[in-house]
Protein chains: 2
Amino acid sequence: MSLTIVGTVAFDAIETPFGKTDKIIGGAGTYVALSASYFKKNTNLISVVGDDFPQDYLDMLKNHKIDIQGIQIKKGEKTFFWSGKYHDNMNKRDTLLTELNSLADFDPVVPEAYQNSDYLMLGNLTPSIQRSVIERMHNRPKFVMMDTMNFWMDKTPEDLKKTVSMVDLLCINDEEAQQFSGENSLLAAAEVILSQGPKYLIIKKGKHGALLFDKENIFSVPALPLKTVFDPTGAGDTFAGGFIGWLAKTDDLSFENMKNALVIGSVMASFNIEKFGTERIQNLNKHEIAERIQKFIDLTSFEINPDNL
Amino acid sequence: MSLTIVGTVAFDAIETPFGKTDKIIGGAGTYVALSASYFKKNTNLISVVGDDFPQDYLDMLKNHKIDIQGIQIKKGEKTFFWSGKYHDNMNKRDTLLTELNSLADFDPVVPEAYQNSDYLMLGNLTPSIQRSVIERMHNRPKFVMMDTMNFWMDKTPEDLKKTVSMVDLLCINDEEAQQFSGENSLLAAAEVILSQGPKYLIIKKGKHGALLFDKENIFSVPALPLKTVFDPTGAGDTFAGGFIGWLAKTDDLSFENMKNALVIGSVMASFNIEKFGTERIQNLNKHEIAERIQKFIDLTSFEINPDNL
């Protein structure tokens, strides 16, 4: 089934206790699309860059069988640039610089070839822009997933609620779920959010894993225990890309298969944090992914017969 | 296989946002033994109380088929008393009062009938007292599990290390694992601790579940997502009781069966926090436990064939 992704394609400069990068390719759309590309070929990417964006980076996306005709290249403008620095324990980061550049007046265009996509992933963006993409599709996709962040909860809460009400799945972290719902317990937060439109909710808990909810079911997947997190940039987007890539590949919206998608998302995120930026998820193979899935199986599987106490 | 538990039997007075109790039965030994009693009959309990300790409470333990000949009743002394208050989010508690009373000079006696126990659980106590119990057994038990806390890491670190070096399994929480090992990553912490004697390590993460390590394997179990934690007192001890009760029942020390024990511990802890003190784990039945195990299976099970990407 066809998959369209909307999200930033950007320059990032990252500093962690392990080193720092020059301007490298980043952006939610980049991470989501690269991660999804291991499961779904010919994924469509809607974004905007300036004419300073290197052809090499665009070629790299094409080499991952990502369709980039939806990336607008703005003449005379510069590409969105973010720079950030992580503290020692990697739990907090400071944004050093945000230059919106070509993103400031991003007006997404949905190419004709993307119009009938079955799956749509809205990366973190202004909620009204996310909504415009749904509205610009000829047919409402079968499944729409969105990411967002606390910034929009503070800045444009009504706009955010409106967009959330139009999607099938909302993917946010634990603090965002608490803020958005006004509930401290994640279970109570899920009940509130699932009454506002989405049929499914993912709550990401960083090193504590992730939870998937619908109105009847809950599924929990741990994060892979690691000695070192090299660079967490893009981990949430990589997670989302693995999730939606698996769904688009399998085209099975049962809760059982969504569980699998959550594991795939966690597998992909566990790779992403091993190296700077997109380096690790640019260079994966199916054998490595299969091995990592097996690690998650070993980490979580048990066999008790509850009738046998 | 026979199981002996060492730990406090005490009075607790608990205040949470949901209410407060008078002096009720508490203590690590009480929680561990009650929880284990659902899996292992005739568990032995070594402890000490004053002569103010009600016969009703002792009868309640006996009714759970707990052997209490190892509980010393000190004439003219009072029972250990702890009083605490939980804050709104249940993450922090203040100790309002600690009266050691008969616990101050606790000198554990191992009755003859307990001497050949196969499984020994050392509840949180002064490390030298925990060690004395191992030393007072005629034969070193097949499997010794111990709990401890940050208090002993600060107060008697060398004594604690000596006791830890003598046990098979150490069960502590995430902050304690970090403090004890000097490592921030739990995986790195586990490596350090498993090089100091224990063959197995459990790291409890509260609402984020628990991890089980040996030198080759890791297993992760989530906590059951709940809307309300009514009273977390004794949750860690209830967890430990379920774990060691299952091991003693099955007498299978494979890592696969230890995974099951970790799930059983989590199941029992999930009940404990539903009511004040020991109220919930005094009144469980096998049907409820089986249903709760099924909830953990639903919460964690998935089926991906990693060869089928």
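In the predicted model described here, the buried residues of helix α6(B) pack against α4 (150-155), β12, α7 (186-194) and β13 of chain B. Packing is judged by contact (C-beta atoms, placed from the backbone, within 7 Å), and helices (H or I, at least four residues) and strands (E, at least two) are DSSP runs numbered from the N terminus. Residues are numbered from 1 along each chain as its sequence is written, and chains are lettered from A and ligands numbered from 1 in the order in which they are written. Since the model is predicted, local features need pLDDT of at least 70 and side-chain atom pairs count only at pLDDT 80 or more, while totals for chains, interfaces and linings use all residues.

Helix α6 of chain B spans residues 174-181, and its buried residues are B:E176, B:A177, B:F180 and B:S181. A residue is termed buried if 20 or more other C-beta atoms lie within 10 Å of its own, exposed if 12 or fewer, and partly exposed in between, with C-beta atoms placed from the backbone. Viewed down the axis of α6(B), the buried residues fall within an arc of 115 degrees and therefore line one face of the helix; the arc is that of the directions from the helix axis to the C-beta atoms.

Strand β13 of chain B (residues 200-204) has 5 of its 5 residues buried, so the strand is largely enclosed by the rest of the structure. In a regular strand the side chains alternate between the two faces of the sheet. In β13(B) both faces are covered, with B:Y200, B:I202 and B:K204 buried on one side and B:L201 and B:I203 buried on the other. Strand β12 of chain B (residues 169-173) pairs with β13(B) in the parallel sense over 5 bridges, where pairing requires at least two DSSP bridges between the strands. Within this pair, B:C171 has B:I202 of β13(B) as its bridge partner. Strand β14 of chain B (residues 210-213) runs antiparallel to β13(B) and is joined to it by 4 bridges. B:I202 has B:L212 in β14(B) as its bridge partner. The hairpin of β13(B) and β14(B) has 5 residues between the strands, and in it B:G206 takes a positive phi near 60 degrees.

For chain A, the mean pLDDT is 96, and 100% of the residues reach 70 or more; pLDDT is the predictor's confidence in each residue, from 0 to 100. Chain A has 11 helices and 15 strands. Its radius of gyration, taken over C-alpha atoms, is 18 Å, close to the 19 Å that the globule rule gives for 309 residues, so chain A is as compact as a globular protein of that length. The globule rule is 2.2 Å times the number of residues to the power 0.38. Along the principal axes, the C-alpha atoms of chain A fill a box of roughly 70 × 45 × 35 Å. Buried residues account for 50% of the 309 residues. Of the contacts in chain A between residues at least 6 apart in sequence, 66% join residues at least 24 apart.

Strand β5 of chain A (residues 43-50) is mostly covered, with 7 of its 8 residues buried. Strand β1 of chain A (residues 3-6) runs parallel to β5(A) and is joined to it by 3 bridges, with A:L45 in β5(A) as the bridge partner of A:I5. Strand β6 of chain A (residues 66-67) also runs parallel to β5(A), through 2 bridges, and A:D67 in β6(A) stands opposite A:N44.

In helix α5 of chain A (residues 157-164), the buried residues are A:L160, A:T163 and A:V164. These residues cover an arc of only 100 degrees around the axis, which puts them on the same side of α5(A). Their cover includes α3 (127-136), β11 (143-147), α4 (150-155) and β12 (169-173) of chain A. In helix α6 of chain A (residues 174-181) lies A:E175, which is partly exposed, with 14 other C-beta atoms within 10 Å. A:E175 and A:K204 are 29 residues apart in sequence, with a C-alpha to C-alpha distance of 9.2 Å.

The predictor gives the complex an ipTM of 0.94 and a pTM of 0.95. The contact between the chains takes 31 residues from chain A and 31 residues from chain B. On the side of chain A that touches chain B, the elements giving two or more residues are α7 (186-194), β15 (218-221), α9 (255-272) and α11 (286-300). The largest share of that side, 7 residues, comes from α11(A). By class, the side has 18 nonpolar, 9 polar and 4 charged residues, with Ala, Val, Leu, Ile, Met, Phe, Trp, Tyr, Cys and Pro counted as nonpolar, Asp, Glu, Lys and Arg as charged, and the others, Gly among them, as polar.

Note on methods:
Contact = placed C-beta atoms within 7 Å.
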